[in-house]
Amino acid sequence: MEKIVSVAVASVLVIGLAPAAHAVSASDVYANYAELSAHETEGRDYRRVLRVPGGAKVAHIAIHGGAIEAPTSQLADQAAGCKHAYYSFVGIKDSGNSALHITSTHFDEPKALSVVAAVDYTISWHAAAGAAATTYVGGRDTTLIKKVTAELRAAGFPVSASVPDEIGGDSPRNIANRNRRGMGVQLEISRGQRERFFKEGKLNRAWIESPANRTKAFYKYVAAVNRALS
């Protein structure tokens, strides 16, 4: 489910803040992976996909992948390539994939935690709402945040000057920050920006799963993020 963001103080839909222990986020059906897996069927409703090259120090993750927040799986997969680690929790329901959304501070799927815990740097790919093309770059790794921001802007991609608290990604419990250094980067990409990654601006599952539908902007964006990691 795309996160609705607002820089206004009033009328903010709070999604992704760190709630009390065992509480379910206002937007989530399940409090954690154990609850989700007890009600949803792997292989029918969701998939867990990972690839970990030997010696990988960076992980690109999409914990709301597939049809939950399109096209975060495709972006993370492309960014990881054969050099970096890749993990995605992929929603594959015919409909209602938003039910599979577990907020980043509660996402405790064991394979994801294992992948992230083994690396020094994490890029967590997410989708935000908004017709204007922009990216909100959050997380705890302030040095890498600056580098990613600079590379995206240099490549011609708008980056917001501020990040709303609800998608700030700076909680220590956020999976992006659970790597060996305790700090990562969370990319929240507006719908307007994501639509530019695919021909005709389509983001439905069948369309985004075909690399033939990707635009040059898709590859240019991923390359800019990876330059910040080099």
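Contact here means heavy atoms within 4.5 Å. With that in hand, select S190, which touches A128, A129, G130, A132, A133 and T134, not counting residues up to four places away in sequence. S190 is found in strand β6. Is S190 buried or exposed? At 1% relative accessibility S190 counts as buried, where buried means under 20% relative accessible area, exposed over 50% and partly exposed in between, with a 1.4 Å probe and protein chains only.

A note on the model: it is predicted, with local features needing pLDDT of at least 70 and side-chain atom pairs counting only at pLDDT 80 or more, while totals for chains, interfaces and linings use all residues. Residues are numbered from 1 along each chain as its sequence is written, and side-chain values use heavy atoms, with hydrogens and water left out.

**Whole chain**

Zoom out and colour by secondary structure. The protein has seven helices and six strands; helices (H or I, at least four residues) and strands (E, at least two) are DSSP runs, numbered from the N terminus. Along the sequence the pattern reads α-β-β-α-β-α-β-β-α-β-α-α-α. Of the 230 residues, 52% count as buried. Of the contacts with a separation of 6 or more, 77% are between residues 24 or more positions apart.

**The cores**

Next select I123, W125, V137, L152, L187, F197 and Y221. In the largest nonpolar core, which has 33 residues, these touch the most other members. A nonpolar core is a set of buried Ala, Val, Leu, Ile, Met, Phe, Trp, Tyr and Cys residues joined through side-chain atoms within 4.5 Å. Elements giving two or more residues to this core include β4 (121-128), α4 (142-154), β6 (185-190) and α7 (216-229). Which element gives the most? It is α7, with seven residues.

Centre on L187. Leaving aside neighbours within four places in sequence, L187 is in contact with I123, S124, W125, H126, T135, Y136, V137, V148 and V225. A second, separate core of 20 residues includes I61, I63, I68 and A112.

**Helix α3**

A112 leads on to helix α3 (residues 110-117), where A112, V115 and V116 are buried. Seen down the axis of α3, its buried residues fall within an arc of 95°, so they line one face of the helix; the arc is that of the directions from the helix axis to the C-beta atoms. An α-helix has 3.6 residues a turn, so residues three or four places apart point the same way. The buried residues of α3 pack against β1, β2, β3 and β4.

**The largest pocket**

Now show R47, S73, Q74, Y86 and E209. Among the 16 residues lining the largest pocket, these lie nearest its centre. A pocket is found on a 1 Å grid over the protein atoms alone, as an open set of points where a 1.4 Å probe fits, with protein on both sides within 12 Å along at least five of seven lines; lining residues have an atom within 4 Å of a point. β1 (46-51), α2, β3 (85-91) and α6 each supply at least two lining residues, and β3 gives the most, with four.

**Two backbone details**

Select A70 and P71, which are joined by a cis peptide bond with omega about -5°. P71 is found in the loop between β2 and α2.

Finish at E200, in the loop between α5 (191-195) and α6. E200 has a positive phi of about 65° although it is not a glycine. At 63% relative accessibility, E200 counts as exposed.
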